[in-house]
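The sequence and structure come first.

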Amino acid sequence: MSAGHSHEDSRLCGESAAPYVLGALSDDEHEAFRRHLDSCAVCREEVAALQVVASALPAAAPQLSAPPALKRRVMASVHEDVRRSATREAVGSDERGEPDESARSSWRASRARPRWRPMLASAALAVAVAAIAAIAVFSGGGGGTRVIRAEVTPHGASASLRVSGDHAQLDISGLPQTPAQRVYEVWVKRSGGPQPTDALFTVTAHGDATVGVPGSVHGVKVVMVTSEPLGGSRVPTSAPVIVAHVS
Amino acid sequence: MIQWPARAVTMGGMFNPLRPGGGSGSANRLRVLADEELMQLVYRSKADAFEVIYDRHADAAFSLAYRICAQRALAEDVVQEAFLSLWRSRARYDRNRGSVRTWLLGIVHNRAIDALRRRAVRDRGQVRDEGLQERVAAPERTDLDVARREEAREIRDALDDLPDEQSHVIELAFFGGMTHVQIASMLDMPVGTVKGRMRLGLAKMRMTLGDPAEMVR
């Protein structure tokens with residue numbers, strides 16, 4: 001701690017660098033610690049040391065392919081911006097073709113503080129309640145949770161569907177790895193044929209996976225899993241390996 | 001320690017990115033430029049240079065957004081917003097403040113956490129796809145992709161090698177968007193303990209990884 005710190009500075013010193021770089025301080029705490037950094041070389045050094053690790057954490061996420069359609073949308077917007085900029089240049093409003101001031105503001109905003117900070121206070125309790133509720137529901141199997149044992153084709157594998165309210169989660173174990181260039185896909189059946197979901201997954205080396213069924217399962221009669229080509233399919237291309245009858 | 005492979009570099013004398021008109025085949029030549037050089041072209045509203053930036057970092061951006069949001073559509077929205085933010089605020093890019101990749105992933109992280117919290121408020125009690133294992137794995141297209149995959153594996157290993165109580169609080173904060181107070185409340189432990197575990201975990205990862213600053217460029 002550097003000399004001349006207030007009592008509050010002393011309280012902040014040495015404790016808040018890690019939650020600061022992880023974005024885990026509240027809005028007020030974040031601002032207080034940021035001010036503290038102006039006067040505390042020790043904390044500045046600690047933040048610098050920990051920040052490089054925090055900056056590497058995104059790579060710890062499982063590495064996926066961005067959907068090709070996403071690039072088309074992004075680049076369409078970019079080309080539209082270029083076209084508009086060219087139109088403005090033609091009428092002399094933006095002769096150098098540089099980004100406008102609103103864009104500069106956008107950069108400053110994104111560099112300064114996350115947009116979610118102002119809503120943090122009201123969101124904090126809700127997030128905690130939601131997280132605790134989810135844990136409570138699934139830890140004991142009671143409290144309105146229904147566990148349905150699924151029919152599983154591969155020998156030695158098992159799966160169950162946990163239904164809580166309108167939502168469901170598949171707990172899978174012992175399922176064989178998908179071949180290269182294939183993934184498992186979750187489907188739901190209501191009155192018609194199987195409908196694809198966003199849930200594409202592979203399993204661990206032990207064949208385990210925990211997969212949330214996207215959206216509401218209200219009216220869903222069957223949840224099933226098939227092996228599909230990378231990127232998923234709109235209609236099943238193989239026989240289901242897991243079938244769970246919801247109703 | 002991981003040795004990050006040489007970044008794309010300008011090939012001396014072959015192509016001056018700042019010279020008007022790159023000549024034929026400039027799209028391919030753009031791909032040998034480093035991000036910082038591409039950003040000079042992006043500043044001048046060169047969409048093809050921005051496309052190279054997109055191609056280079058879209059998978060990492062989507063992976064991070066998906067890890068946080070656990071919902072494909074939401075993750076796509078986050079990544080789209082982040083890249084358009086990068087494009088529209090290109091005049092403010094300052095290479096001295098960090099790499100393009102780090103800056104982009106920072107935007108993605110902030111926006112994904114933002115989206116996650118909005119959804120948590122709107123859909124309280126809804127079960128997330130949390131716990132999903134590897135999803136559609138990105139194919140390795142280039143040597144750089146292979147190196148980045150290796151980098152990702154080492155960083156994930158470093159996180160996984162931490163004691164559970166340390167990796168848990170780091171993941172809840174960074175990927176779960178929870179504050180240290182929320183984590184302490186959820187895990188029923190003192191706030192100081194949560195902070196301490198975060199610090200110990202990050203410090204341990206830094207020792208394991210050597211100099212991660214070299215890895216995230």
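This is a predicted model, in which local features need pLDDT of at least 70, side-chain atom pairs count only at pLDDT 80 or more, and totals for chains, interfaces and linings use all residues. Residues are numbered from 1 along each chain as its sequence is written, while chains are lettered from A and ligands numbered from 1 in the order in which they are written.

**Chain content**

Helices (H or I, at least four residues) and strands (E, at least two) are DSSP runs, numbered from the N terminus. Chain A has seven helices and nine strands, whereas chain B has nine helices and zero strands. A residue counts as buried if 20 or more other C-beta atoms lie within 10 Å of its own, as exposed if 12 or fewer do, and as partly exposed in between, with C-beta atoms placed from the backbone. By this criterion 34% of the 247 residues of chain A are buried, and 48% of the 217 residues of chain B.

Two residues are in contact if their C-beta atoms, placed from the backbone, lie within 7 Å. Of the contacts in chain A between residues at least 6 apart in sequence, 54% join residues at least 24 apart. In chain B, 63% of the contacts with a separation of 6 or more are between residues 24 or more positions apart.

Helix α3 (residues 27-39) of chain A has His30(A), Phe33(A) and His36(A) as its buried residues. Seen down the axis of α3(A), these fall within an arc of 125°, so they line one face of the helix; the arc is that of the directions from the helix axis to the C-beta atoms. Asp28(A) and Asp38(A), on the other side of α3(A), are exposed.

Helix α4 (residues 41-56) of chain A contains Ser55(A). Ser55(A) is buried because 23 other C-beta atoms lie within 10 Å. Its C-alpha atom is separated by 8.6 Å from that of Val21(A), 34 residues away along the chain.

Axes are lines fitted to C-alpha atoms, for helices over the stretch in contact, and angles run from 0 to 180 degrees between N-to-C directions. Angles under 35 degrees count as roughly parallel, over 145 as roughly antiparallel, 65 to 115 as roughly perpendicular and the rest as oblique.

| Helix pair | Angle | Axis distance |
|---|---|---|
| α2(B) and α3(B) | roughly 140° | within 8 Å |
| α3(B) and α4(B) | about 140° | 9 Å |
| α7(B) and α9(B) | about 100° | 8 Å |

α2(B) and α3(B) are therefore oblique to each other. Their crossing is left-handed, meaning that the near helix is turned anticlockwise from the far one by less than a right angle, with clockwise for right-handed. On the α2(B) side the contact involves Asp35(B), Leu38(B), Leu41(B) and Val42(B), and on the α3(B) side residues including Phe50(B) and Arg56(B). Its residues divide into seven nonpolar, no polar and two charged. Here Ala, Val, Leu, Ile, Met, Phe, Trp, Tyr, Cys and Pro count as nonpolar, Asp, Glu, Lys and Arg as charged, and the others, Gly among them, as polar.

α3(B) passes α4(B) in a right-handed crossing. Among the residues in this contact are Phe50(B) and Tyr54(B) of α3(B) and Arg72(B) and Trp87(B) of α4(B). The contact has 15 nonpolar, no polar and one charged residue.

α7(B) and α9(B) are roughly perpendicular to each other. Their contact includes Glu165(B) and Ile170(B) of α7(B) and Arg197(B) and Gly201(B) of α9(B). By class, it has seven nonpolar, three polar and two charged residues.
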